[in-house]
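Welcome! Here is a friendly walk through the charged side-chain pairs of one structure. Have a look at it first, and then read on.

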Amino acid sequence: MAQTAPAPSPAPDVDVVLESPSRRRAAPSVAAPGPRAARALSNVVLVVVGVCFLLPLGWIVLASLDASATLAVRLPEEFTLANYTAVMTPEQTWVPLANAFLLSAGTGVITVVASVLAAYPLSRYRMRFNKPFLYAVLFGTCLPITAMMVPVYSLFVRLNLLDSLPGTTFFMAATSLPMAIWMTKNFMDSVPISLEEAAWTDGASAMTTLRRIVLPLMRPGIAVVFIFVFIQAWGNFFVPFVLLLTPEKQPAAVSIFAFFGQYGSVAYGQLAAYSMLYSIPAVALYVLVSRLSGGSFALAGAVKG
């Protein structure tokens, strides 16, 4: 008699509850602003920032052409160049501007040369004291210049450098050097070391590769460092005010005090005209250097291999 296979044991009862689509609820979420709203918000912020910068510039331009200028931003009742005629004298404008150019250009050249020589070994050689040295250099930028001027003034008196344009130039270069070293090292790191290795194989020395390979390739970086140092020195008031005593040696940033009279009286029109003349060399230098130095590093495909 054939035996029948035992019936399979019934599976345990499992309650399966299928939720209907109508009962499903989406999890609460915060809707991100759309691209149009974000663009509109960014445009509003940029317009506000632009207005904050344009209002002082607009006052300087309009006040320089107004014979009775005040602190209010207004159109002149009669446009005139009398303010420019009054300030364009050798002792009031041209000599201070020449002193400012000598101080700023000298500070920029000395700082760039020193920062290149200091950044080259930090960029090309891996040594134990690289990071501690860089941090020590960075600490030099944190020292307030007002706290340094008392010992510096005493040192200048002992060395007979007080009221000396070269001495003031070297001190201003020393104060700009820490940040210039960091900036120059970052630009120099972008130059491939393989280019120098190829020159070393041909018998070139380290200074030759620095002068003929590295520096031509990082001209935009050198221009940026020079402009940064030049602008800082051009607008520096405190250091020349303390170290330069003779009015004939003071730069334009110090001689601008001549427009602030006693008892709060200010020649606003002449001050605005002088400010316009004072800003022209810095803007012209930026435009000139940016055109001569090129747009960016062009190192792609420099080495085959």
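## Salt bridges in this model

Asp189 and Lys185 sit four residues apart, about one turn of the helix, and both belong to helix H6 (residues 165-189). Helices here are DSSP runs (H or I, at least four residues), numbered from the N terminus. This is a predicted model, in which local features need pLDDT of at least 70 and side-chain atom pairs count only at pLDDT 80 or more, while totals for chains, interfaces and linings use all residues. Residues are numbered from 1 along each chain as its sequence is written, and side-chain values use heavy atoms, leaving out hydrogens and water.

Side chains of opposite charge can pair when their charged atoms come close. A salt bridge is counted when a side-chain nitrogen of Lys or Arg lies within 4 Å of a carboxyl oxygen of Asp or Glu. The structure holds three salt bridges, and here they are:

| Pair | Closest N and O atoms |
|---|---|
| Asp189 and Lys185 | 3.0 Å |
| Asp66 and Arg74 | 3.5 Å |

Buried means under 20% relative accessible area, exposed over 50%, and partly exposed in between (1.4 Å probe, protein chains only).

Turning to the other pairs, Asp66 is buried at 6%, whereas Arg74 is partly exposed at 35%. Lys185 is buried at 16%, while Asp189 is partly exposed at 37%.

Conventions: Helices (H or I, at least four residues) and strands (E, at least two) are DSSP runs, numbered from the N terminus.
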